[in-house]
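Trainee: I have a model open on my screen and I'd like to learn how to read it. Could you walk me through it, one feature at a time?

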Amino acid sequence: STRMSSSDYKHAKTGKFTQPAPVLENPFTSDPILSRALKRLIPQQEFVKVSTDLTKFGERIVNEIDQLGHEAEIQPPQIQQFDAWGNRIDKLIVAPAWNRLKEISAEEGLISIGYDKSTDPEYRRLHQMSKLYMFHPASGLVTCPLAMTDGAAKTIDELKLGEKFPECKEAFERLTSRDPQNAWTSGQWMTEKGGGSDVGGGTDTYAEKVDGSNYTLHGYKWFSSAIDADMSLTLARSIENGQVQTGSRGLSLFYLRVRNNGQLNGLQMMRLKNKLGTRQLPTAELLLDGVKAIKVSEEGRGVPSIANMLNITRVHNAIASVAGMRRIVSLARDYSTRRIAFGNTLYKWPLHLKVLADLEIKTRAGLLLTLESTRLLGKQEGGRSSEQESLLLRLITPIAKLHTGKVCVPAISEGIECFGGQGYIEDTGLPGILRDTQVTAIWEGTTNVLSLDVLRVFATTKFAAAKAFADRIKEIISKAKNGDEKLQKTGEALENALNQLLGTLKTAQKSSDFPQNLQRGARDISMTMGNIYSGALLTEFAAHPDAFDNDREVAYRYCVNQKLATISLNSFDSSNDSIDKSIVFENYKA
Ligand code: UCC
Ligand code: FAD
């Protein structure tokens, strides 16, 4: 029993007790594996520079940037469509913090590092993407325009547009500038009302020729994020002799400035989207009515040209998915040392600790998968990719995007629950992490669309990409076989899962309805490949001479304690289509 005086409980009072807030730590120095992973991927001299920059940036995130991100979240953008006198002005109003975060992004080189000619091209992407991974949860979603900016720079670079169009040369310099006064961001306008996945079927924007490569665009773009952008890449159908080509082969790629001399370039911001999350981000519906634009692709090559952009923004997307997981796990870990329940700090309760350990393992897996895609990107850009590595890069890009985008939503939801009721309270900043993560599975291609992209890669490479994948995993399995008992068991689990995947694919290939039969199982294929690749990378990490016991345990748990291969012949059995239909539409009357 405890002695109480009346002053302890009389009169209205809120009580002496307050809940402890979780404390944000430097996201570089507190990350359990980022620094160790980079140390193995980047040569020593470069690594020292990178790690010094990341440590400093981590401090800036804690002391300055995180607060700006919070301010951007609570001051969402607005459009003032008319002035007091009835003039249409479409003035976009964003939080001062949003603008400041864009300036910081330029200063910190969040795009320019990826293109910095003074550093080794093989490693600069690892530096850049690690920085973005740290930045994302604090960035107020400025990482969205940064992703598109990077994608636009890459497209200009890859297609050598700077050599053909002086406008694109200037754009490239500004997109990759470190000077906040000169730096530009880009949009990526693909989605229309008729289709965001099926861009070829849905695009209803027309390009009327002015002269040479100059056109005016007329159409309606249904989702256009970061509409404060300086430029955009978009798709439209050119009208030739009053005719247009339908479908995807009728689309060309266009470059445009959003504003000319401070005035919107022939477009109107119809409204801002009222979104579940990403509320900091101005996403608008745009009416294009005479936008001056330059056709920068060959006629009808719009989709493969903009794919250069997609393959970069998808890497950014994977980074963002894992970054959200890392943020919630990091805060939940800290909170578990502060919050007391039933007389113990939370981490002392084995069940709570196990929940945190499971989340930690998923987060590490996601980070290694995104670093692998970044490593391969750097190798390709450095001109040092083997054929196997080029194939792997093309394959891992959709897999990393879809796998991390799918895994992060339930993981972050679990992370929210680690705070109990506080996890549900807006001004803790926690609910926004969950809201903002749901979109990573949708934009830049939904999980299904990216699973179908994996099949596209199989088809266009005649399954050589699948072989490159199998070879990479086998190389890691052989490393595990030389390890201790735990690593060997981990390697066996990987081998079994890989055999199940390859065996099932082989049998499915013999079916009379191949390749159509693969579609039904596309998600099982891509998620299984994501599980296996993530598990293999944890295993490779654990097989390194400098690995810790924890690394071996994490790899073991990921590969042995869960079913990596969620694929079976049933996945491809087309006779299930009619049964699926009967289940889905039971008692459906509309
Ligand atoms: O959502 C968006 C922006 C959000 C904000 C940015 C956030 C970034 C992360 C932030 C972190 C915080 S922008 C909209 C994104 N939209 C999509 O992702 C579209 C989803 N749909 C698809 O991906 C479809 O698969 C399509 C549109 C690509 C399908 O097009 P087609 O034309 O019907 O498909 P085809 O005929 O198979 O492909 C046409 C050509 C082929 O090349 P050719 O003609 O040479 O045979 C394909 O091999 O395009 C090539 N291709 C690709 N090449 C298609 N996809 C790719 C690819 N990914 N890489 C290389
Ligand atoms: P749909 O294509 O209608 O998809 C509906 C469902 O059908 C999905 O589950 C999908 O997986 C499934 N599906 C579709 N086709 C198939 C198939 N063949 N097989 C199996 N399943 C299929 N777009 C831009 O261009 N620029 C932007 O800046 C931009 N910003 C965005 C910001 C936000 C916040 C959001 C939510 C979206 C944004 N988008 C943007 C649009 C986004 O890229 C699309 O919404 C997305 O690609 C999906 O397209 P859709 O909405 O037309 O869905």
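Mentor: Let's begin with an idea we'll need for the ligands: a polar contact is a pair of N or O atoms within 3.5 Å. Keep in mind that this is a predicted model. Here is a case: a backbone N or O atom of F223 lies 3.0 Å from a nitrogen atom of ligand 2.

Trainee: Which side chains have an N or O atom close to a nitrogen atom of ligand 2?

Mentor: N448 is one of them, with a side-chain N or O atom 3.0 Å from a nitrogen atom of ligand 2. On an oxygen atom of ligand 2, look at S197, whose polar side-chain atom is 2.6 Å away. As for cover, ligand 2 on its own exposes 980 Å², and the protein buries 64% of that.

Trainee: Which elements give two or more residues to the shell around ligand 2?

Mentor: Those are strand 3 (186-189), strand 5 and helix 14. Strand 5 has the largest share, with 3 residues. The shell holds 20 residues, and Q188, T191, G196, S197 and T446 come nearest.

Trainee: How does the shell around ligand 2 split by class?

Mentor: It has 7 nonpolar, 11 polar and 2 charged residues.

Trainee: Now ligand 1. Which residues come nearest to it?

Mentor: Out of 30 residues around ligand 1, the nearest are S248, R301, N311, R314 and R456. S248 puts a polar side-chain atom 2.3 Å from an oxygen atom of ligand 1, and R314 has a side-chain N or O atom 2.9 Å from an oxygen atom of ligand 1. Backbone atoms count too: in E444, a backbone N or O atom is 3.1 Å from an oxygen atom of ligand 1. Taken alone, ligand 1 exposes 1,200 Å², of which the protein buries 81%.

Trainee: Let's go back to strand 5. How do I read its pairing?

Mentor: For the pairing, follow the bridges. Strand 4 (residues 206-211) and strand 5 (residues 214-225) pair in the antiparallel sense over 5 bridges. To find your place, take E208, whose bridge partner in strand 5 is T216. These two strands form a hairpin with 2 residues between them, and G212 in the turn has a positive phi of about 50°.

Trainee: How many bridges join strand 5 to strand 11?

Mentor: There are 10, and strand 5 and strand 11 (residues 283-295) run antiparallel.

Trainee: Which residues other than glycine have a positive phi?

Mentor: Two to look at are N241, with phi of about 50°, and K462, with phi near 50°. N241 sits in the loop between strand 6 (231-238) and strand 7 (251-257). K462 is in the loop between helix 14 and helix 15 (464-481).

Trainee: Is N241 buried or exposed?

Mentor: The cut-off for exposed is over 50% relative accessible area. N241 counts as exposed because its relative accessibility is 79%. K462 is exposed as well, at 72%. For a contrast, go to I61 in helix 3 (residues 44-74): I61 is buried, with a relative accessible area of 0%. The C-alpha atoms of I61 and S139 are separated by 8.8 Å, although these residues are 78 apart along the chain.

Conventions: Residues numbered from 1 in each chain as written. Chains lettered and ligands numbered in written order. Predicted model: local features only at pLDDT ≥ 70, side-chain atom pairs only at ≥ 80, totals over all residues. Heavy atoms only, no water. Near = heavy atom within 4 Å. Polar contact = N/O pair within 3.5 Å; in protein donor to acceptor, adjacent residues only side chain to side chain. Areas by Shrake-Rupley, 256 points an atom, 1.4 Å probe, with all protein chains shown as cover. Pairing = 2+ DSSP bridges. Helix = DSSP H or I, 4+ residues; strand = E, 2+ residues; numbered from the N terminus. Nonpolar A, V, L, I, M, F, W, Y, C, P; charged D, E, K, R; others polar. Buried < 20%, exposed > 50% of the residue type's maximum accessible area, 1.4 Å probe, protein only.
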